[in-house]
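Colleague: I have the sequence and the structure open now, and I'd like to go through a few spots with you. Can we start with how some of the helices sit against each other?

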Amino acid sequence: MKKTIFFLVLIVLAVSVFSYDGVIHDFDTGMKIAKLEQKQLIVMFSDPGCYYCNLFTKSTLSDETVGRLLMAGYVFVEIYPSNEKTATLEIQGKEEKLTYNELYAAFGVKGTPTFWFFDETATPVTSLPGYSKPDFFVNVLRFLGEKAYKNGMSFADYTAQSHDYMGTHVVLNLSEEDAQYITENDPLAMNYSPEVTFDPLRIWITADSEIANELITKGAFRVILVDSPSSSTN
């Protein structure tokens, strides 16, 4: 009987392990979603055979606090070197098409993993080379999420204090076309339905302003309010 209970406990623990399921594997898609959702963007320059890249995925991305911070305020993109896949990058005011190999060079990536962080306007903020443990990455996400650097605070001073920042709660008015793009390309996006279990970390999409405000009141971090064609012409 004791063995049975022990195995049941193991099963429950296995099921309850947090899993971040928001990773996007396309640079341009992640960039567009981040702009639409007014979230910060993280691009992880990775490699399939990279030990520390895989370790980051297994140990850091699976950390619940890391995952919740990412879901609340970031779009996370992981890409691999390639001469086939391309990305659009603005260079000296002009949009250029680069292969992913060229993208690695453009961002000065000398080893993997290397993380580049962008603000909500797709402006590069900083980079972080190498593997990061969960606790350290939580501090990075909170430091950049709160934009503490804009107040002249150093990362060392920030991490010397205790912080519980998770993200901001925003209703975004988007066209049907943009909302559809998010639905099709953001793994965290869901069309609202009263039958679906509420999760404040999901991207909720609705055409009802009352529902949008209700979702924010309940704690949702991002709600997409779809502009109907009739409302946009009035």
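Colleague: In which hand does H2 pass H8?

Modeller: In this predicted model, the crossing in which H2 passes H8 is left-handed. Helix H2 covers residues 27-37 and helix H8 covers residues 176-185, and the two pack at an angle of about 130 degrees with their axes 11 Å apart. That angle makes H2 oblique to H8.

Colleague: Which residues make the contact?

Modeller: From H2 the contact uses Thr 29, Lys 32, Ile 33, Leu 36 and Glu 37, while H8 contributes Asp 178, Tyr 181, Ile 182 and Asn 185. Sorted by class, the contact of H2 with H8 has four nonpolar, two polar and three charged residues.

Colleague: And H4 with H6, at what angle do those pack?

Modeller: H4 and H6 pack at about 25 degrees, with their axes 9 Å apart. An angle under 35 degrees counts as roughly parallel, and H4 and H6 are therefore roughly parallel to each other. Their crossing is left-handed. The residues in contact are Thr 65, Val 66, Leu 69 and Leu 70 on the H4 side, and Pro 134, Phe 137, Val 138, Leu 141 and Arg 142 on the H6 side.

Colleague: What about the classes there?

Modeller: The contact of H4 with H6 has seven nonpolar residues, one polar and one charged.

Colleague: Staying with H4, how many of its residues are buried?

Modeller: Helix H4 runs over residues 64-73, and seven of its 10 residues are buried, so H4 is largely enclosed by the rest of the structure. The buried ones are Val 66, Gly 67, Leu 69, Leu 70, Met 71, Ala 72 and Gly 73.

Colleague: What do they pack against?

Modeller: The buried residues of H4 pack against strand S1 (40-45), helix H3 (51-60), strand S2 (74-79), H6 and strand S10 (222-227). Two of those buried residues, Met 71 and Ala 72, also turn up among the contacts of Leu 201.

Colleague: Where is Leu 201, then?

Modeller: Leu 201 sits in the loop between strand S8 (189-191) and strand S9 (203-206). With a relative accessible area of 3%, Leu 201 falls under the 20% cut-off and so is buried. Setting aside neighbours within four places in sequence, Leu 201 is in contact with Arg 68, Met 71, Ala 72 and Phe 221. Leu 201 and Phe 221 are 20 residues apart in sequence, and their C-alpha atoms are 6.2 Å apart in space.

Colleague: Since you mention S8, is Met 190 buried, partly exposed or exposed?

Modeller: Met 190, which is found in strand S8, is partly exposed, with a relative accessible area of 27%. Apart from neighbours within four places in sequence, Met 190 is in contact with Val 196, Arg 202, Ile 203, Trp 204 and Ile 205.

Colleague: Changing topic to the backbone: which peptide bond is cis?

Modeller: The bond from Thr 112 to Pro 113 is cis, with omega near 0 degrees. Pro 113 lies in the loop between helix H5 (100-106) and strand S5 (114-118). As background, most peptide bonds are trans, and most residues other than glycine have a negative phi.

Colleague: What is phi for Ala 122 and for Lys 147?

Modeller: Ala 122 has a positive phi of about 70 degrees although it is not a glycine, and Lys 147, also a residue other than glycine, has a positive phi near 55 degrees. Ala 122 is in the loop between S5 and strand S6 (124-129), whereas Lys 147 is in the loop between helix H6 (134-145) and helix H7 (155-159).

Colleague: Are those two buried or exposed?

Modeller: Ala 122 counts as buried at 19% relative accessibility, and Lys 147 counts as buried at 19% as well. The cut-off for buried is under 20%.

Colleague: Last topic, the whole chain. How many helices and strands does the protein have?

Modeller: The protein has 10 helices and 10 strands. Its C-alpha trace spans about 70 × 50 × 40 Å along the principal axes, and buried residues make up 41% of the 234 residues.

Definitions and conventions: Residues are numbered from 1 along each chain as its sequence is written. This is a predicted model: local features need pLDDT of at least 70, side-chain atom pairs count only at pLDDT 80 or more; totals for chains, interfaces and linings use all residues. Side-chain values use heavy atoms; hydrogens and water are left out. Axes are lines fitted to C-alpha atoms, for helices over the stretch in contact, and angles run from 0 to 180 degrees between N-to-C directions. Helices (H or I, at least four residues) and strands (E, at least two) are DSSP runs, numbered from the N terminus. Angles under 35 degrees count as roughly parallel, over 145 as roughly antiparallel, 65 to 115 as roughly perpendicular and the rest as oblique. A crossing is left-handed if the near helix is turned anticlockwise from the far one by less than a right angle, and right-handed if clockwise. Contact means heavy atoms within 4.5 Å. Ala, Val, Leu, Ile, Met, Phe, Trp, Tyr, Cys and Pro count as nonpolar, Asp, Glu, Lys and Arg as charged, and the others, Gly among them, as polar. Buried means under 20% relative accessible area, exposed over 50%, partly exposed in between (1.4 Å probe, protein chains only).
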